[in-house]
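Hello,

Here is the structure we talked about. Please open it first, then read the notes below with the model on your screen.

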Amino acid sequence: MSRDKTAVIPSAGERAQAERSAATRSRPPKKRRYGWKEEVYGTVFASLPLVGFLLFSVVPVGIAIATMFCDMDGMNISTIRWNGFANFGKAFSDVAFWRSLLVGLEMTVAHIVGLIVSIVVAAILSQKIKGGKLFTIFFFIPYVCSSAAISIMWVQIFKPAGGVLNSLLQGLGVETPPDWFRDATWFPWMLVVTIAWKAPGYGILMVQAALANVNESIYEAAKMDGASKFRQFFSVTFPAISPTLFFLLAMGLLNGLQTFDIAQIFAQKTSGYVTGSAGPGDAGLTSVFHIYNTMNNPGAGGMPVASVLSLLLFVVISLVLAVNKRLSKLWVSYDY
Amino acid sequence: MASPSAFPQDGKKRKNRVKEDTGSIVFKIVAYILLVFGLVLVVVPFFIIVSTSLQDRNVNVFAWWPEKSGWDAYELVFTSDRSNILVGFLNTMWIVVPSMLVSLFVSGLAAFAYAKLHFRAKNILYAITIATMSIPGTVLMMPSYLWYSILGWAQSPLPLIIPGCFGSAAAVFFFTQYFSGIPQSLVEAGQMDGMSFLRCYITVMIPLAVPAFVGQGILAFVGGYNDYMGPLLYLSRTDIKTLAFMLVELQSYYGAQKNSDAISCAGAVVALIPIIALYLAGHKFFVGGLTAGGVKE
């Protein structure tokens with residue numbers, strides 16, 4: 001279920017179209033020798049994943065939407081009772097949720113930094129550098145590490161007393177390095193650094209693959225026309241890899257706004273230092289984390305309000321992705 | 001570079017060439033400095049948890065090279081009753097692996113139908129399957145809890161196992177592309193021999209697509225092994241703790257009495273070793289599976 005979390009592809013429409021033709025292309029010249037049998041087996045085989053989607057995505061969402069207009073005790077569906085739009089009122093007036101969206105935007109900074117790092121690294125590695133392959137392999141390692149292990153790692157690094165980072169900063173002459181665990185301004189940036197450390201591995205691979213796909217003959221033509229390296233990058237390379245960059249940017253926005261694991265684990269690991277449930281003054285409360293807290297807290301509305309908030313988050317994410325898509329017309333080119 | 005120039009009399013061109021060479025040497029130096037810097041940034045955090053995990057239990061200040069190093073933390077992590085990391089590892093295995101295998105089989109079966117069989121609903125079903133990929137999954141996690149609690153599956157590993165058994169859209173997409181490259185004639189030959197479609201998939205397609213299956217399998221395994229949100233939602237009130245979930249809890253068990261930093265770092269090191277080893281062993285398959293989904297052809 002959650003394994004598909006990162007497999008979300010924003011431009012699914014176009015992809016579907018491209019793929020649909022790929023799927024039909026392999027169809028042999030029509031000979032209906034297997035007739036109905038092939039018809040039945042084909043349909044059954046093909047719809048198995050959709051049955052799973054129906055049972056474990058459509059049905060739960062349907063139930064969640066129905067309960068948005070109701071109230072109930074905990075998860076006990078038998079205590080369900082109609083209460084109109086009260087949950088919506090609660091959700092819209094939930095200041096913590098709207099603030100958590102800003103935290104989510106802060107988290108997208110990590111992914112954007114990761115994207116920039118991936119472009120630079122992939123550009124360097126595409127120059128056929130000796131040992132480049134080894135670097136690619138190493139740079140990808142953080143991507144396969146669990147957020148649990150990575151959080152433990154970075155909590156050690158940021159630890160205010162006796163931690164590596166602050167000792168280093170003090171060594172460099174910073175007299176009072178930030179108290180990462182207790183200071184509400186610094187707390188979210190600690191999450192950003194942690195996420196940004198993990199993020200580039202995937203981007204490097206994708207950008208490298210995109211760069212390798214650029215048609216060599218276009219460079220030849222550009223060289224013939226006397227284009228400088230600089231010009232070649234902006235007129236050939238950048239447009240050619242722009243669809244991949246757009247994909248990565250959309251994924252970054254999506255993952256940033258959906259941050260949960262690292263925020264939740266950091267909050268737990270630093271809970272001895274502060275009183276908030278998500279860092280000092282809830283500075284690390286991302287939207288999904290807030291939804292999780294709401295779900296587990298009947299006083300805040302429990303499951304029904306959590307469902308409304310999930311719906312709101314879904315709408316916000318869709319809007320952000322739609323704006324991103326609209327803006328992409330300014331810089332993404334699909335001509336290559 | 002003494003490559004014969006087409007215009008030997010053109011001295012200007014020669015000079016340019018020399019300039020370009022020094023330029024590329026400078027580029028190479030800068031490139032290596034940046035890459036090594038990046039490598040240091042990637043490796044140092046790993047080094048830090050290793051050295052912290054070996055720290056003496058009475059020390060709580062970080063040292064790059066712990067003076068008195070001991071294996072206490074590792075001993076504890078492996079022998080404790082309450083949060084034995086081996087138990088966590090085995091729990092993760094039986095939750096992740098069977099579901100992953102079934103998922104691969106089902107995704108491949110659907111892809112086999114899309115790539116090799118013809119039936120009327122093909123295009124529409126394929127379009128729906130691909131469209132399901134664009135739904136942000138994390139947002140669905142909380143609302144789904146109610147459904148699983150109605151089914152009586154909440155606080156059991158079933159929500160982590162059963163939905164996965166129906167395959168994943170991303171894998172279907174990947175396998176369909178892969179299978180399209182396998183000649184149709186092989187499937188037809190199988191059918192001539194009177195094979196059923198299922199048999200044909202198992203005996204003809206799967207053996208020809210082993211790299212694709214390995215790649216998607218590793219991807220799915222890494223996802224399941226590292227999953228934190230699922231176990232947090234569905235297993236936090238049970239005795240079944242998966243590895244990733246256990247890591248976060250480790251410290252709180254021993255918080256007050258001992259050097260808890262060393263213990264949680266030891267746990268993290270132990271948890272990271274298998275997954276990094278798997279990645280290094282299978283990165284070729286892995287990488288192909290990842291980039292196929294995102295690069296516009």
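**Salt bridges between the chains**

B:Asp261 and A:Lys159 form a salt bridge through their side chains, with N and O 2.6 Å apart. Find B:Asp261 in helix α13 (residues 260–292) of chain B. Then find A:Lys159 in the loop between α6 (147–158) and α7 (164–171) of chain A. The two residues sit on separate chains, so this pair joins two chains. Are these residues buried or exposed? B:Asp261 has a relative accessible area of 7%, so it counts as buried; the cut-off is under 20%. A:Lys159 is also at 7% relative accessibility and counts as buried.

Keep in mind that this is a predicted model.

How many salt bridges cross the interface of chain A and chain B? The rule finds two. Another one to look at is B:Arg120 with A:Glu39. Their closest N and O atoms are 3.6 Å apart. The cut-off for a salt bridge is within 4 Å, so this pair counts. Over all chains, the structure holds four salt bridges. B:Arg120 is exposed, at 72% relative accessibility. A:Glu39 is buried, with a relative accessible area of 15%.

**A salt bridge inside chain A**

A:Arg182 and A:Asp179 also meet in a salt bridge, at 2.8 Å from N to O. A:Arg182 is partly exposed, at 43% relative accessibility. A:Asp179 is partly exposed as well, with a relative accessible area of 26%.

**The interface as a whole**

Now step back to the contact between the chains. Chain A puts in 107 residues and chain B puts in 115 residues. Together they bury about 10200 Å². Of that area, 74% is on carbon and sulfur atoms. The rule also finds 16 residue pairs in polar contact across this interface, both residues being at pLDDT 80 or more. Which element gives the most to the side of chain A that touches chain B? That is helix α2 (residues 35–67) of chain A, with 24 residues. What kinds of residues make up this side of chain A? There are 69 nonpolar, 21 polar and 17 charged residues.

**Aromatic rings**

Over all chains, the rule counts 41 aromatic pairs. One of them is A:Phe233 with A:Phe238. Their ring centres are 6.4 Å apart. Their planes stand at 50 degrees, so the pair is tilted. A:Phe233 is partly exposed, with a relative accessible area of 30%. A:Phe238 is partly exposed too, at 26%.

Then look for a cluster linked by ring pairs. Its members are A:Phe56, B:Tyr145, B:Tyr148, B:Trp153, B:Phe166 and B:Tyr234.

**One buried threonine**

Last, go to A:Thr270. This residue sits in the loop between α12 (261–269) and α13 (287–295) of chain A. Leave aside its neighbours within four places in sequence, and A:Thr270 is in contact with A:Phe181 and A:Phe187.

Best wishes

Definitions and conventions. Residues are numbered from 1 along each chain as its sequence is written. Chains are lettered from A and ligands numbered from 1 in the order in which they are written. This is a predicted model: local features need pLDDT of at least 70, side-chain atom pairs count only at pLDDT 80 or more; totals for chains, interfaces and linings use all residues. Side-chain values use heavy atoms; hydrogens and water are left out. Contact means heavy atoms within 4.5 Å. Buried area is the accessible area (1.4 Å probe) that two parts lose on being put together, summed over both. A polar contact is a pair of N or O atoms within 3.5 Å; within protein, one must be able to donate a hydrogen and the other to accept it, and residues adjacent in sequence count only if both atoms are side-chain atoms. Helices (H or I, at least four residues) and strands (E, at least two) are DSSP runs, numbered from the N terminus. Ala, Val, Leu, Ile, Met, Phe, Trp, Tyr, Cys and Pro count as nonpolar, Asp, Glu, Lys and Arg as charged, and the others, Gly among them, as polar. Rings of Phe, Tyr and Trp (its six-membered ring) pair if their centres lie within 6.5 Å; planes under 30 degrees apart count as stacked, over 60 as edge-to-face and the rest as tilted. Buried means under 20% relative accessible area, exposed over 50%, partly exposed in between (1.4 Å probe, protein chains only).
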